[in-house]
Each structure stands twice: as C-alpha cells, then as structure tokens.
Amino acid sequence: MPLQTYDTQINSVCQPFTAVSHSFGPKTLKSVYSFESNRQTSDMRCPYCGKMNVYVHARHSTEIKDFPFLPKHRQSLVFYYHGYKCRECGHHFMEPIPAKVPNARITIRAAEWIKGLLSRNMPVSAVAEITGFHWETVKKIHLGFMDEFLRKRKEELQR
Ligand SMILES: [Zn+2]
C-alpha cells in the first residue's frame with residue numbers, strides 16, 4: 001500500500017473471516033483485501049437436516065466488488081471459504097459470506113452506497129464510472145432487484 005494513504009495497518013475482521021492481505025495496483029488503482037475463514041467446523045450446522053456433524057469437503061474463493069475508498073478507484077474483497085459435507089444426510093453446502101448480497105458479487109455496503117447515490121438522482125452511467133461497478137449492476141440496483149434483501153437485512157439489524 002502506498003504511504004500517502006492514511007492506513008498504515010489494518011486488522012480487519014468480518015464475522016468469522018479475518019483479513020490476511022491487502023494489495024494495491026498504482027496503475028489500475030485497484031485495492032484487493034483477502035479474507036480467510038477462521039470458522040470452526042464443529043460450529044457448523046447442516047442447513048438441510050439441522051445436525052452438527054459436518055466436515056470440510058472443499059475450499060473455495062470468490063471475489064466480491066466493494067465500494068472504493070476514492071472516486072475512480074476499484075476495491076474488491078476476496079473471501080477464502082469452506083465447502084462442507086454433512087455426514088448425516090450427505091448434502092453439500094457452502095459457508096455463508098456475511099458481507100455479500102445473495103446471487104450478486106457485490107458487498108451489502110456497496111449496494112447501499114449505490115442506492116444512496118441513485119436516490120439523489122445521480123445518473124446510472126455516472127455512478128458506474130465513479131464506483132467502477134458495471135453499468136448493468138448499477139442498473140439492477142436502480143431497478144430495485146436487491147431491495148427485498150436489503151430491506152430484510154435492515155429489519156434483522158434493528159432487532
Ligand atoms: Zn445434513
């Protein structure tokens with residue numbers, strides 16, 4: 001990370017995930033934070049049968065776009081997470097990533113920021129340019145495709 005940025009060290013934890021590295025490309029203006037799961041397998045419950053008798057079957061990674069620190073910069077979060085298999089019912093399932101909007105490679109906070117900019121009548125093309133998100137992603141948020149999820153999450157947080 002270049003010295004002119006304000007963070008000299010970041011110890012970031014996102015639920016069971018801990019930040020393990022950060023990279024910044026001065027030419028691409030792209031920041032990537034990598035998170036690894038510290039989740040204990042013994043704490044995992046099978047979503048199909050409800051039993052707590054699962055094992056790590058695979059390791060996966062996914063890159064999720066996040067809201068950048070500065071205009072025209074890009075920011076991504078890479079999560080290294082577990083795939084589990086249940087010893088009781090045999091189903092496979094993935095470790096949940098708490099920062100992510102389901103069925104979209106975008107963080108919840110980025111979706112909320114984009115919604116905020118659009119709500120002040122900023123054009124879709126301008127939001128896409130300044131945030132680095134694909135025009136179609138911004139358009140989906142504009143059309144309210146993620147509203148139901150974001151509304152439910154807001155309710156959960158207020159409980
Ligand atoms: Zn099961």
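Helices here are DSSP runs of H or I, at least four residues long, numbered from the N terminus. The model is predicted.

**View 1. The end of helix 3.** Helix 3 itself spans residues 135–142.

View 2. Three residues of helix 3 are buried: Thr 137, Val 138 and Ile 141. Around the axis they cover an arc of only 95°, which places them on the same side of the helix. An α-helix has 3.6 residues a turn, so residues three or four places apart point the same way. Trp 135 and Glu 136 are exposed, on the face turned away from the buried side. The buried residues pack against two partners, helix 1 (108–119) and helix 2 (124–131).

**View 3. Helix 2 against helix 3.** The axes of helix 2 and helix 3 lie 9 Å apart, and the packing angle is about 125°. Angles from 65 to 115 degrees count as roughly perpendicular and those over 145 as roughly antiparallel; helix 2 and helix 3 are therefore oblique to each other. Their crossing is right-handed. Helix 2 brings Val 124, Ser 125, Val 127 and Ala 128 to the contact. Helix 3 brings Trp 135, Val 138, Lys 139 and His 142. By class, that makes five nonpolar, two polar and one charged residues.

**View 4. Helix 1 against helix 3.** Helix 1 and helix 3 pack at about 75°, with 10 Å between their axes. The two helices are therefore roughly perpendicular to each other. On the helix 1 side, the contact uses Ala 111, Ile 114, Lys 115 and Leu 118. On the helix 3 side, it uses Val 138, Ile 141 and His 142. Sorted by class, the contact has five nonpolar, one polar and one charged residues. Val 138 and Ile 141 are among the buried residues of helix 3.

**View 5. Arg 87 in its loop.** Arg 87 lies in the loop that links strand 5 (74–86) and strand 6 (92–94). The residue has 12 C-beta neighbours inside 10 Å, so Arg 87 counts as exposed; the cut-off for exposed is 12 or fewer. Leaving aside neighbours within four places in sequence, Arg 87 is in contact with Asn 53, Val 54 and Tyr 55. Cys 46 is 41 residues away from Arg 87 in sequence. In space, the C-alpha to C-alpha distance between Arg 87 and Cys 46 is 9.3 Å.

Definitions and conventions: Residues are numbered from 1 along each chain as its sequence is written. This is a predicted model: local features need pLDDT of at least 70, side-chain atom pairs count only at pLDDT 80 or more; totals for chains, interfaces and linings use all residues. A residue is buried if 20 or more other C-beta atoms lie within 10 Å of its own, exposed if 12 or fewer, and partly exposed in between; C-beta atoms are placed from the backbone. The arc is that of the directions from the helix axis to the C-beta atoms. Two residues are in contact if their C-beta atoms, placed from the backbone, lie within 7 Å. Axes are lines fitted to C-alpha atoms, for helices over the stretch in contact, and angles run from 0 to 180 degrees between N-to-C directions. Angles under 35 degrees count as roughly parallel, over 145 as roughly antiparallel, 65 to 115 as roughly perpendicular and the rest as oblique. A crossing is left-handed if the near helix is turned anticlockwise from the far one by less than a right angle, and right-handed if clockwise. Ala, Val, Leu, Ile, Met, Phe, Trp, Tyr, Cys and Pro count as nonpolar, Asp, Glu, Lys and Arg as charged, and the others, Gly among them, as polar.
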